[in-house]
Structure formats: structure tokens, C-alpha cells
Amino acid sequence: MKKIQIAGLRQVLHLSQIEILSLPGGTRALARVLDPLAESGINLEFVAFQGGPKLSPDLILGVHRNQVVATLGLLKGKTEEGRALEIRCREPAGMISLFPHGNRPAVVGDFLAAFREAEVEIWALGFSLSALSALGEESRIPRVLVALKDFFELAG
């Protein structure tokens with residue numbers, strides 16, 4: 001199998017995955033939830049927003065563990081449309097980000113295959129034009145790095 005050239009990989013450990021489930025108010029509520037975090041200097045390593053036009057969406061954040069207490073404190077008791085936010089926290093979490101050259105479907109398939117080969121469950125997945133990122137069990141993230149070497153090589 002020919003390896004796909006990529007621009008880079010990034011591993012981030014010591015994270016927590018914070019899930020805000022069925023966000024009342026949908027996309028209108030995003031700023032009201034995220035602004036206090038930004039104003040308090042909370043760094044979000046990962047952000048994913050999933051849902052549909054008729055579904056209350058879920059917001060998934062990857063936050064450094066040393067900022068979890070502050071993050072949860074800012075979110076706890078917060079209400080949207082008269083409903084308290086339903087929040088879950090999963091930890092310890094880690095993240096792998098892959099930076100491809102161009103937008104190729106094979107990159108996504110091989111990225112997911114590396115997680116499968118390493119037997120690591122993906123807790124949350126995010127895609128952009130510049131990166132693919134996945135959160136999972138922190139202690140297993142290094143296994144994914146090893147598996148990614150079977151599929152990808154750094155350009156240059």
C-alpha cells in the first residue's frame with residue numbers, strides 16, 4: 001500500500017471531553033455558551049457541533065484538564081430557553097490531528113482505518129479543510145500514532 005503524504009500530525013494529551021447535550025436554542029445559543037469561556041481565557045483544543053434542523057444539537061469540546069473545573073463552573077447552572085444545560089465530562093482524553101495536503105477522501109478513510117487498526121474508539125470527530133481531529137481515551141492515543149505511520153508519511 002502506498003502511503004499518503006501529509007503536512008503534519010499533532011498529539012494533545014491531558015484533555016477532557018465536555019459534551020453539552022441537546023443544546024436548547026441550537027446555533028443561536030452557541031455564542032452565549034462559548035463567549036464566557038473565551039472571556040475567561042479557556043482554550044478549546046477541539047470543537048464539534050452536531051445536529052440537524054429539527055434536532056437539538058450537541059456541542060463537544062476538548063479542554064485541557066487544568067481548565068476543566070473553570071469550564072464546568074462557567075457552564076454549570078447556565079440555562080438556555082429556560083432549560084439547564086445537560087453536561088457530561090469524559091476523561092482522560094487525548095487528541096490526534098492530521099494535517100493533509102489537499103482534500104482527499106482516501107485521507108479520511110485511512111485516518112479512520114488507523115484508529116480501527118489501533119483498536120481505539122473515537123469519542124468525537126471533527127473535520128475542516130486543514131485538519132482531521134479525533135478525541136479518544138488518552139492512554140490509547142499513542143497507539144494511533146503508531147498505526148498512522150502505516151498509512152501516512154510526512155512530506156518533505
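Predicted model: local features only at pLDDT ≥ 70, side-chain atom pairs only at ≥ 80, totals over all residues.
Visitor: Why does Phe115 count as buried?

Guide: Phe115 has a relative accessibility of 1%, and the limit is under 20%, so Phe115 counts as buried. Phe111, at 0%, is buried by the same rule.

Visitor: Where do Phe111 and Phe115 lie?

Guide: They belong to helix 3 (residues 105-117), four residues apart, about one turn of the helix. Helices here are DSSP runs of H or I with at least four residues, strands are runs of E with at least two, and numbering goes from the N terminus.

Visitor: How many aromatic pairs does the structure hold?

Guide: There are two aromatic pairs. In one of them, the ring centres of Phe111 and Phe115 are 5.3 Å apart and the planes meet at 65°, so this pair is edge-to-face. The rule is that rings of Phe, Tyr and Trp (its six-membered ring) pair if their centres lie within 6.5 Å; planes under 30 degrees apart are stacked, over 60 edge-to-face, and the rest tilted.

Visitor: Why is the pair of Phe151 and Phe152 called tilted?

Guide: Their planes are at 50°, with the centres 6.5 Å apart. Phe151 is buried at 8%, and Phe152 is buried at 6%.

Visitor: What lies over the face of Trp123?

Guide: Arg90 does, at 4.1 Å from the ring centre. A charge sits over a ring if NZ of Lys or CZ of Arg is within 6 Å of the ring centre and within 35 degrees of the ring normal.

Visitor: Which residues in the largest nonpolar core touch the most other members?

Guide: Of its 19 residues, they are Ile96, Leu98, Phe111, Phe115, Val144, Leu148 and Phe152. Strand 1, strand 6, helix 3, strand 8 and helix 4 (141-148) each give two or more residues to this core, and helix 3 gives the largest share, five residues. A second, separate core has 13 residues, among them Ile18, Leu30, Leu75 and Leu85. What makes either set a nonpolar core is that it joins buried Ala, Val, Leu, Ile, Met, Phe, Trp, Tyr and Cys residues through side-chain atoms within 4.5 Å.

Visitor: What makes the buried residues of helix 2 line one face of the helix?

Guide: The buried residues of helix 2 (residues 68-75) are Val68, Thr71 and Leu75. Down the helix axis they fall within an arc of 65°, so they line one face; the arc is that of the directions from the helix axis to the C-beta atoms. The face turned away from the buried side carries the exposed residues Val69 and Gly73. The buried residues pack against strand 1, helix 1 (27-39), strand 3 (58-64) and strand 6 (86-100). Gly77, with a positive phi near 80°, follows helix 2.

Visitor: What joins the side chains of Ser16 and Glu91?

Guide: A polar contact of 2.2 Å joins them. The term asks for a pair of N or O atoms within 3.5 Å; within protein, one must be able to donate a hydrogen and the other to accept it, and residues adjacent in sequence count only if both atoms are side-chain atoms. Ser16 is found in strand 1 and is buried at 0%. Gln17 lies in strand 1 (residues 4-21), is buried at 0%, and has a 2.5 Å side-chain polar contact with Glu19. Leaving aside neighbours within four places in sequence, Gln17 is in contact (heavy atoms within 4.5 Å) with residues including Arg90 and Trp123.

Visitor: Is Lys149 buried or exposed?

Guide: Lys149 is exposed: its relative accessible area of 55% is over 50%. Its place is in the loop between helix 4 and strand 9 (152-154).

Technical notes
Residues numbered from 1 in each chain as written. Heavy atoms only, no water. Buried < 20%, exposed > 50% of the residue type's maximum accessible area, 1.4 Å probe, protein only.
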